[in-house]
Amino acid sequence: MSKNCPECGSSRVVEDDLYSQKQWVCEDCGSVVSEGLLTTTLSEESHSRAVPFFTSTAAFKKPCRNLVSGFSRLRALCRIFRLSSSMEDASANLFERAYNHPNFLHISLSKKQILAGCCMFHICRQNSWPVFMGTIGYLLDADNYQMGTIYQELTKSLNLQTTQVCITRMLESFCYDFKLAPDEVEEVFSVAQQRLVDQTSALLELAADTWILTGRRPFPLFLAAVYVAWQSLNPLARMKYSLMKFCKIAKAPEQLWCKSKDTINKRLNELLEVLCKLGRELPWVRPTDIQMNTVTTLVEDILKHRKALLILAVKHYEKQLEETQTSQYSESELSDSKSSVQTQCKSPPDEEDEGCELPPDHWGKRHLFLPPCVRTQKRQKINEAPLEVTGDEDISDSEIESYIRSEEEIKLFAKARKKICKY
Amino acid sequence: MNMDEEASLESYFDQTIAGSSDYIFEGDLGLQGSTSQLQDSSFLSSLASQEKDLTEDLDLSFLPDELSTQDEPSQVEKESKNEDSGIYTDCPQKESTQADIDTSNSAQNTSQFNLPMTPMTPMTPMTPVAESSGIIPQLQNIVSTVNLACPLDLKSIALQARNAEYNPKRFAAVIMRIREPRTTALIFSSGKMVCTGAKSSEEQSRLAARKYARVVQKLGFPAKFLDFKIQNMVGSCDVCFPIRLEGLVLTHQQFSSYEPELFPGLIYRMVKPRIVLLIFVSGKVVLTGAKERSEIYEAFENIYPILKGFRKQ
């Protein structure tokens, strides 16, 4: 409201707030023309709302309780994994950033706990500190699926650069779990830590070259490789101990091998198969002597010469394939169906193991070493012939009517539903 | 073994390694060359004849000038096996090597290739001719939405329709299925509908959506067919060689995410076109996130040279 100042008569009267009390003040002479109410009325006091925390003008806002407990959990985790203080601080910073990000501010408490684990995991990865996501999940009582979703959400929301896992360092920390020092177990079982790590990493290199490692969870293969390495370092004495026995001897933590026994055995078999294929190329061993359960005795030699053996194995396989191909062509000229079936079954011995699962002209047959998922062909889906449609065709009424219930059906259905709903 | 024997053994193995000039698993490439199993010559010739019809109609003026001049040398190179036209994707020139020609063998694993010569086929070169890879991704799923533009009584639809299920406590829509084309639709009370499960063409999805709309009409609602839009297309194919995912994630870090503990495949987020590819060690590739068929083909043509680079290592 614009009045004239009673003191000086000017019309420049402006509104001003003094301690949240409205006043009308003349700009020229400074006199207060009129004032508003300073106190609140009873109706305002009883019906107005308190100022909520997040809109308050408090200069120092206490950090959220959940954030504080998240920090303490995070630091506890860092201590379990023996992270350096700089890494611990980096994890705490990342956790704070992530916690306050809109994508994570309103998620459930259990997910916030997992978020703490994921932040630590990311920092570990950045510094090549070997940690399995599964181990963190085990400590937080979360499975890989939950850890994975939150980890991926974290990297996407904060635009983090993911670093790849360093297999050798993972292996070192993995082998650390197995207590096989001379003073911990009997002489027969003991092995120097570094020797075990070297042997296992050579085996893993072999596994990577022959497609057993790519695309698989690393843990079961690590365990199988450690087992084979341990056996191979003193095969005559250790051959008779099964994988489970070995875990007990080495006092490996239970959670490692309890859950995925089947997968571990599968990986073990795949590794032994590869070793057999290479063992056959050793010039001083008869091919018939190579069996899955005795190949461990030859592992030392195989690992020493693995590069050459790989090349030899592939060369021989190619030669065999060529021979069977040419014999197939000459057979087909005779157009004798019986003999062509015979030549197909005479194909390289590796194929017989799979029982000729792959179709005859599948590209996989040309490779000696192949990811196992290619060899095991699942049941072929029935590929329906693609419909040639324009999208604008006429739709027959009869077809549509076949999808609609008749009157009687509706009555029956309604009756039945009423009866069910009674109970 | 005494020292002499060991030395001779070492030299035997060293000779083996020295003799092999290729890195360890290049042997398979050599194999492919010697046992070149050409796919059906009829298939190739039918492709070639269709090619020639298309080239007359193709308008290449939209390509930048440098590309159209580069057409000739590459044409000559590829003419020998595939007889394809000079349709260019974003794939850079230098990555199409001689090895491309060998991989035309692998196309035999894909199912019958149908060039959709329907009126809806645009005249711009979007049809996937066998170009540098010889492999064409097959569409596996198409998701589309349409607005029926009238409020629907889901209970009455579930009562009257044979092929409908409605469980309001679990999900607030009717799930309806038809046999031909085999698809599933989610019908919401607002009148909006999502149609999924159509394979191999956008027209199938449109036909299916129209059938659902017809069913809803027959049930007594004034359903229309507004704003039909393809929301997502999923394709898949097989490059027929195993892929070193660990190597791929190292060189293409900013696009790839490979966590073997979480998922066996590598997730590659391509920027142009904006497609997500799932690449598996067996050589199978799944492409998703496309709004148009051409995006899937383009994405595959972009990734194929990259994948081939990881075959030899």
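**A helix, its end and its surroundings**

Mentor: Let's begin at an end: just after H7(A), Asn159(A) takes a positive phi of about 55°. Keep in mind that this is a predicted model. Now step back into the helix itself. H7 of chain A runs over residues 144–157, which makes 14 residues. From its first C-alpha to its last it reaches 20 Å, close to the 20 Å expected at 1.5 Å a residue.

Next, look at what is hidden. Met147(A), Gly148(A), Ile150(A) and Tyr151(A) are buried in H7(A), and so are Leu154(A), Thr155(A) and Ser157(A). The cover over these buried residues includes four helices of chain A: H3 (85–99), H4 (102–105), H5 (109–126) and H6 (133–140).

Let's pick one of those covering helices, H3 of chain A, where you will find Glu88(A). Glu88(A) has a relative accessible area of 9%, so it counts as buried, since the cut-off is under 20%. Setting aside neighbours within four places in sequence, Glu88(A) is in contact with Arg75(A), Cys78(A) and Arg79(A).

Finally, here is the meeting of helices you asked for. In chain A, the axes of H8 (residues 167–176) and H10 (residues 218–232) come within 11 Å and cross at roughly 65°. The crossing of H8(A) past H10(A) is right-handed. From H8(A), Ile167(A), Met170(A), Leu171(A), Phe174(A) and Cys175(A) take part, meeting Phe219(A), Phe222(A), Leu223(A) and Val226(A) of H10(A). By class, this contact has nine nonpolar residues, with no polar and no charged ones.

Key: Residues are numbered from 1 along each chain as its sequence is written. Chains are lettered from A and ligands numbered from 1 in the order in which they are written. This is a predicted model: local features need pLDDT of at least 70, side-chain atom pairs count only at pLDDT 80 or more; totals for chains, interfaces and linings use all residues. Side-chain values use heavy atoms; hydrogens and water are left out. Helices (H or I, at least four residues) and strands (E, at least two) are DSSP runs, numbered from the N terminus. The expected span of a helix is 1.5 Å times one less than its number of residues. Buried means under 20% relative accessible area, exposed over 50%, partly exposed in between (1.4 Å probe, protein chains only). Contact means heavy atoms within 4.5 Å. Axes are lines fitted to C-alpha atoms, for helices over the stretch in contact, and angles run from 0 to 180 degrees between N-to-C directions. A crossing is left-handed if the near helix is turned anticlockwise from the far one by less than a right angle, and right-handed if clockwise. Ala, Val, Leu, Ile, Met, Phe, Trp, Tyr, Cys and Pro count as nonpolar, Asp, Glu, Lys and Arg as charged, and the others, Gly among them, as polar.
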